[in-house]
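Here are my notes for a first look through this one. Have the model open while you read, and take the points in order.

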Amino acid sequence: MITQFLRLSGYAPGDVDDVIITSVVPKVMHSFRASIVKFLNIDPMIVGPGVKTGINIRMDNPQNMGADCIADCAGAYYEYGGPILVADFGTATTFNYVTADASVICGLITTGIRTARPPCGMPRPSCRKWKSRAPRRFWRKAPASHAAGLYYNFLGGIERTIAQFHREIDEDFRVVATGGLSRVFADDTDMIDIYDPDLIFKGMLHIYERNVR
């Protein structure tokens, strides 16, 4: 898969200078890392303990913060500055707050909209069509109305969560959205200030450069 992806992109394995990985799926890491060593002849940098991120995690259990969230926070802080709230709409939905001095002081995680289970007997709605636009009407047949209901229920939860961060944190901050369906949600609410689909990659680049220096 790695070599095919490179070829389709117009590159050869020898064109790769270095590799950095952020992952929250431990089961694949051994084989993935071994593949990179074998086919690219590179020992990849793994975002995790011992790697400088430029982000200070000041929460009760910092080891519970996923490497993807750390990369998101690094990308948000070093691209846009702090304080900033980072919302990532992926398999799970995460919110992490980064202060002006690059400290993550609070965060939460909840179900992603793609994994939300519909009521008994209802078909699972497809989220693919939401990548380009949000459902605009409730008044449709059951499957469509269920998809719209799920979308707006989720959007309301996003807005209520951001509002709660504003209530509990006594300072002005911006909100940056990233991940799968972030553009659709960002277009549908004025509570999100920045949309950046490449935030995690920007964070990984910052972390990589911070360590190779």
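1. Start in the loop between α2 and β2, where asparagine 41 sits. This is a predicted model, and in it the phi of asparagine 41 is near 60 degrees, a positive value in a residue other than glycine. As a reminder, most residues other than glycine have a negative phi, and most peptide bonds are trans. Is asparagine 41 buried or exposed? Asparagine 41 counts as exposed, at 70% relative accessibility.

2. Aspartate 43 and arginine 33 meet through their side chains, at 3.0 Å from N to O. Aspartate 43 belongs to the loop between α2 and β2 and arginine 33 to helix α2, so the pair ties together parts that are ten residues apart in sequence. Aspartate 43 is exposed, at a relative accessible area of 54%, while arginine 33 is partly exposed, at 34%.

3. Helix α2 covers residues 26–40 and also holds phenylalanine 32. With a relative accessible area of 35%, phenylalanine 32 is partly exposed.

4. You'll find alanine 102 in the loop between β5 and β6. Alanine 102 is buried, with a relative accessible area of 6%. Then look at glycine 82 and proline 83: a cis peptide bond joins them, with omega about 0 degrees. Proline 83 lies in the loop between α3 and β4.

5. That brings us to β4, which deserves a slow look. Six of the six residues of β4 are buried, so the strand is largely enclosed by the rest of the structure. In a regular strand the side chains alternate between the two faces of the sheet. For β4, Ile84, Val86 and Asp88 are on one side and Leu85, Ala87 and Phe89 on the other, and both faces are covered.

6. Which strands does β4 pair with? One is β5 (residues 92–98), joined to β4 by six bridges and running antiparallel. The two form a hairpin with two residues between them. The other is β7 (residues 174–178), which runs parallel to β4 and is joined by five bridges. Alanine 87 shows both sides of this: phenylalanine 95 stands opposite in β5, and alanine 177 is the bridge partner in β7.

7. Now zoom out to the whole sheet. Six strands make an open sheet with mixed pairing, in the order β3-β6-β5-β4-β7-β8. At the edges are β3 (56–57) and β8 (194–195), each pairing on one side only.

8. Next, the nonpolar packing. In soluble globular proteins, nonpolar side chains tend to be buried together. Here the largest nonpolar core has 27 residues, and those with the most contacts inside it include Ile20, Met65, Ile84 and Val176. Among the elements that each supply at least two residues of this core are α3 (67–80), β4 and α6 (199–212). Which element gives the most? It is α3, with eight residues. A second, separate core has 22 residues, among them Tyr151, Ile158, Phe173 and Val184.

9. Leaving out residues up to four places away in sequence, methionine 65 touches Ile57, Met59, Ile70, Cys73, Asn96 and Val104.

10. Last, the remaining salt bridges; the count comes to three. Aspartate 187 and arginine 183 meet at 3.2 Å, N to O. Both lie in helix α5 (residues 182–187), four residues apart, about one turn of the helix. Aspartate 187 counts as exposed at 55% relative accessibility, and arginine 183 as partly exposed at 28%. Aspartate 196 and lysine 202 meet at 2.8 Å, N to O. Here aspartate 196 is buried, with a relative accessible area of 3%, whereas lysine 202 is partly exposed, at 30%.

Terms used:
Residues numbered from 1 in each chain as written. Predicted model: local features only at pLDDT ≥ 70, side-chain atom pairs only at ≥ 80, totals over all residues. Heavy atoms only, no water. Buried < 20%, exposed > 50% of the residue type's maximum accessible area, 1.4 Å probe, protein only. Core = buried A, V, L, I, M, F, W, Y, C linked by side-chain atoms within 4.5 Å. Contact = heavy atoms within 4.5 Å. Pairing = 2+ DSSP bridges. Salt bridge = Lys/Arg side-chain N within 4 Å of Asp/Glu carboxyl O.
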